[in-house]
Amino acid sequence: MNKEKLIQEIEKKRAEMTQLGVEKGLTNDETIQSSQQLDQLLNLLQLIKVTQR
């Protein structure tokens, strides 16, 4: 996955997580799962940035 596509996926996942938080609450299992998936995407982006230096 290239960096630009990853950034798009991060924005999609962030919007999804925010919507879930509003609709189902911040402690809902789906919201937490979405948050964890967002964390993984952000970690991958950070890894890409570090290795491109």
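Visitor: Which residues does Leu26 touch, not counting residues up to four places away in sequence?
Guide: Welcome! This is a predicted model. Leaving out residues up to four places away in sequence, the contacts of Leu26 are Gly21, Thr31 and Ile32.

Visitor: Where is Leu26 placed, and is Leu26 buried or exposed?
Guide: Leu26 sits in the loop that lies between α1 and α2. Its relative accessibility is 70%. Because the cut-off for that class is over 50%, Leu26 counts as exposed.

Visitor: How do helix α1 and helix α2 pack, and are they roughly parallel or antiparallel?
Guide: Helix α1 covers residues 3-24 and helix α2 covers residues 29-51. Their axes are 9 Å apart, at an angle of about 160 degrees. Angles over 145 degrees fall in one class, so α1 is, relative to α2, roughly antiparallel.

Visitor: Which residues make the contact, and how many are nonpolar, polar and charged?
Guide: From α1 come residues including Leu6, Ile10, Lys13 and Met17. From α2 come others, among them Ser34, Gln37, Leu38 and Leu41. Sorted by class, the contact has 5 polar, 8 charged and 11 nonpolar residues.

Visitor: What does Lys13 touch, and is Lys13 buried or exposed?
Guide: Lys13 belongs to helix α1. Not counting residues up to four places away in sequence, Lys13 touches Ser34, Gln37, Leu38 and Leu41. Its relative accessibility is 14%. Since the cut-off is under 20%, Lys13 counts as buried.

Terms used
Residues numbered from 1 in each chain as written. Predicted model: local features only at pLDDT ≥ 70, side-chain atom pairs only at ≥ 80, totals over all residues. Heavy atoms only, no water. Axes fitted to C-alpha atoms, helices over the stretch in contact; angles between N-to-C directions. Helix = DSSP H or I, 4+ residues; strand = E, 2+ residues; numbered from the N terminus. Parallel < 35°, antiparallel > 145°, perpendicular 65-115°, else oblique. Contact = heavy atoms within 4.5 Å. Nonpolar A, V, L, I, M, F, W, Y, C, P; charged D, E, K, R; others polar. Buried < 20%, exposed > 50% of the residue type's maximum accessible area, 1.4 Å probe, protein only.
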